[in-house]
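These notebook entries record what I looked up in one structure.

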Amino acid sequence: MKVKKELLQTPRGTRDLIGEELEIWKRVSGIAEEIARYYGFSEIQTPHFEHSELFSASLGDTTDVVEKQMYTFKTRGGDSLVLRPEATVPIVRAYFEHGMQSLPQPVLLYENGSFFRHESPQRGRFREFGQFDVEILGEDLAVAEATVIRVFSIIFKELGIDTSLELNTLGDKECRGSWRKELTSYYRKHLEKLCKDCKRRFKENPMRLLDCKEAVCQEFKAKAPQMLEYVCDECKAHFKEVLEFMDALEIPYRLNGNLVRGFDYYTRTVFEFVANIKTVKEDGTEEVKNLSVAGGGRYDYLAQVLGGKDLPGAGGGIGLDRVVSVLMEKLDENGREEFTKKEKPKVFLIQLGVAAKRRTLGLMEDLRKAKIPLAQSLSKDSIRGQLRLASKLGVLYSLIIGQKEALDGSIILRDMDSGMQETLPVDRAIERLKLKLKESSADGLRIL
Ligand SMILES: [Zn+2]
Ligand SMILES: [Zn+2]
């Protein structure tokens, strides 16, 4: 039986990461992890699937993710599991499962991995998506969300992505009710003119209406009552502290009263980073497009839903697919090479004939152990072709094994700049090469 042709492609909303895009992805991940570690976060890896109830209870029954986007499946044993749609809930679950309450608080964790949502694929959005997530657990002061925002802001700066930060507060149990009431009576007046989804959302949770992306709903969103006008004194003081941190850290922000984020677990601070992507249109004018690349907030009630315990916390995630797509667009060929810079080969290994080819196999391993970055061509057989490739790569030295050298166990070391050659026994050649490479880097020469 043969697999049908249309099934020999990745499922909709997924893709293979290969080549340059994967190199950029890994570099972005590396930078994010390095910065998070520097700021005291430790890594956690939670499983790719969890119990379904974990999410339906904590994200909110009426959220888009729980209603339409979760990949839920039954195991043979009858358990209901789900491919994790986000990172915060599993990390809070892990916090309690491993008794992290007994550690010095707060606990700072980061997770870098794949998450899954059944969404309609669009630019930079996939059904299996990569997210770099940080969480600060056990801290009720504003320094928690300020630290998350700060780490993200440093990551974007380091990546060379121009972003703007949007902030809002959603209040807490004390004050959110009165805002919700106002919001409900405001939207009731306009219910007829809203989109189909908003009519439904209105009955379930009026806050969700501020999340709507439909054009018809925008004018109502703009005039909707803002949470900021209804926050209680404690929430106001907390938010003020967040803003003071932003000023102290010199992170510019914009208040956005419509920013609600998708999940029920958020309280008080929510934030979003938007990438400002400049493109030049055909007529030469510049256009700035905005793409949300990160978001998060505080979630002081989430732990109560999960374990009946109090655990204040704040966190957020960076969408890696989008960040990588921004960089792929922004960087030209040289920029990408510079961004993903790998150690370039310093030595080219040239072999002539079958016996020489056989000899190079062991030699390559010796060179690897000596940590000498190496290039070679298995397809080219002529010395001229191989030398041409070596100078194209800009290596400093070539090692040449011909018929004669293969027989007597020697090797030719060629300085590519001067063209000078010397014949040496293999082990001496490696020592010599190590010394020469060390000298040339000590001279301050740039080793390609
Ligand atoms: Zn709508
Ligand atoms: Zn409040």
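Leaving aside its neighbours within four places in sequence, which residues is K289 in contact with? I found R123, A275, N276, I277, T279 and E329, contact meaning heavy atoms within 4.5 Å.

Conventions. I note that this is a predicted model, in which local features need pLDDT of at least 70, side-chain atom pairs count only at pLDDT 80 or more, and totals for chains, interfaces and linings use all residues. Residues are numbered from 1 along each chain as its sequence is written, chains are lettered from A and ligands numbered from 1 in the order in which they are written, and side-chain values use heavy atoms, with hydrogens and water left out.

Entry on K289. I placed K289 in strand β10 (residues 286-298); strands (E, at least two residues) and helices (H or I, at least four) are DSSP runs, numbered from the N terminus. The relative accessible area of K289 is 33%, so K289 is partly exposed. On this scale buried means under 20%, exposed over 50% and partly exposed in between, with a 1.4 Å probe and protein chains only. I also looked up K278, 11 residues from K289 along the chain; their C-alpha atoms are separated by 6.4 Å.

Entry on α1 and α11. Helix α1 (residues 19-38) packs against helix α11 (residues 320-330) at about 120°, with the axes 10 Å apart. Axes are lines fitted to C-alpha atoms over the stretch in contact, and angles run from 0 to 180 degrees between N-to-C directions. That makes α1 oblique to α11; angles under 35 degrees count as roughly parallel, over 145 as roughly antiparallel, 65 to 115 as roughly perpendicular and the rest as oblique. From α1 the contact takes E20, E21, I24, W25, V28 and S29, and from α11 L320, D321, V323, V324, L327 and M328.

Entry on α2 and α4. I found helix α2 (residues 52-59) and helix α4 (residues 88-97) packed at about 110°, their axes 10 Å apart. The two helices are therefore roughly perpendicular to each other. On the α2 side L54, F55, S58 and L59 meet V89, P90 and R93 of α4.

Entry on cysteines. I searched the whole structure for disulfides (cysteine sulfur atoms within 2.5 Å) and found zero. C198 is buried at 1% relative accessible area, and C212 is buried at 2%.
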